[in-house]
Amino acid sequence: MNFFEAIRSGFSNYVNFKGRAIRSEYNYWILFSVIIGIITGILDFMIGYDDWNDPSPINSIAQLILSLPGLAVMVRRFHDINKSGWNYFWCFTVIGFIPVIYWLCFKEGDKEENFYDSNLIDKTLEDKKNDIDFNNISKLEKLAKLKEKGHLTEEEYNDKKKELL
C-alpha cells in the first residue's frame, strides 16, 4: 500500500474498528499525521501562536480530526498481528511502550486468516486479479492471430501489446 492509498483508507475507514490494517497503512498514517502536525504548527506560528503553552487552533483542529481515524488504524493494525486493540494500554506501563511500538511499526502481519479477518494483502491481490480487463485479453488474442497470419510484424505486435498492457 502506498502513501496515498493509506491516507484514503484511513479516512474511508474513519470509525471502522473491525478488520485489519497492514503495516504500511499504519506507518504511512503516522507519517501523514506528523506531516500535518508540522504544517499546522507552522501555520499557527505564522498567525501569532508562538507560545508553546497556548493551545494553537489550527493544529488542535487538525489533531482532533486525525485522532479518531488514527485510533481506528491502530486498532486494525493490532488485529493484523492477531492482537486485540486493547493491547494499546500496555503503553501506560513503564516498559510496555516498547512491545507496542514493535507490534505496530515493525511486526509483520499474519500471513493467513486470523481471529479478526483474512489476510489483507491476499485480498488486495485477489481484487487486482478481479480488475483484469478481459476486453484487453481478447484484443491480445486477436493480435496474436494477426501476427500468426502475417498481417503484423513482430515489432508491431510488441508495440500493440505494450499499449494494451
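Q: What do buried, exposed and partly exposed mean here?
A: Buried is under 20% relative accessible area, exposed is over 50%, and partly exposed is in between (1.4 Å probe, protein chains only).

Q: Which is Cys91: buried, exposed or partly exposed?
A: Cys91 counts as partly exposed, because its relative accessibility is 23%.

Q: And Cys105? Where does its accessibility put it?
A: Cys105 is at 24% relative accessibility, so it counts as partly exposed.

Q: What kind of model is this?
A: This is a predicted model: local features need pLDDT of at least 70, side-chain atom pairs count only at pLDDT 80 or more, and totals for chains, interfaces and linings use all residues. Residues are numbered from 1 along each chain as its sequence is written, and side-chain values use heavy atoms, with hydrogens and water left out.

Q: How many disulfides are there?
A: A search of the whole structure turns up 0 disulfides (pairs of cysteine sulfur atoms within 2.5 Å). Cys91 is in none, and its nearest cysteine sulfur belongs to Cys105, 10 Å away.

Q: New topic. How many helices and strands?
A: The protein has 7 helices and 0 strands. These are DSSP runs numbered from the N terminus: helices are H or I with at least four residues, strands are E with at least two. Along the sequence the pattern reads α-α-α-α-α-α-α.

Q: What about H2? How far does it reach?
A: H2 covers residues 23–46, which is 24 residues. From first C-alpha to last it reaches 35 Å, close to the expected 34 Å (1.5 Å times one less than the number of residues).

Q: Which H2 residues are buried?
A: Glu25, Tyr26, Trp29, Phe32, Ser33, Gly37, Thr40 and Asp44.

Q: And what comes just after H2?
A: Gly48, with a positive phi of about 110°.

Q: Which residues have the most contacts inside the largest nonpolar core?
A: Trp29, Met74, Phe78 and Leu104, in a core of 13 residues. Such a core is a set of buried Ala, Val, Leu, Ile, Met, Phe, Trp, Tyr and Cys residues joined through side-chain atoms within 4.5 Å.

Q: Which helix gives the most to it?
A: H3, with 5 residues. H2, H3 (57–80) and H4 (97–106) each supply at least two.

Q: What does Phe78 touch?
A: Leaving out residues up to four places away in sequence, Phe78 touches Lys83, Ser84, Gly85, Asn87, Tyr88, Val100, Trp103 and Leu104. Contact means heavy atoms within 4.5 Å.

Q: Where is Asn82?
A: Asn82 sits in the loop between H3 and H4. Its phi is positive, about 65°, although Asn82 is not a glycine. At 38% relative accessibility, Asn82 counts as partly exposed.

Q: And Thr93, where does it lie?
A: Thr93 also lies in the loop between H3 and H4. Its relative accessibility is 33%, so Thr93 counts as partly exposed. Thr93 and Pro69 are 24 residues apart in sequence and 24 Å apart in space, C-alpha to C-alpha.

Q: Last one. What is the radius of gyration?
A: The protein has 24 Å, whereas a compact globule of 165 residues would be near 15 Å. The radius is taken over C-alpha atoms, and the globule rule is 2.2 Å times the number of residues to the power 0.38. The C-alpha trace spans about 80 × 45 × 25 Å along its principal axes. Buried residues make up 29% of the 165.
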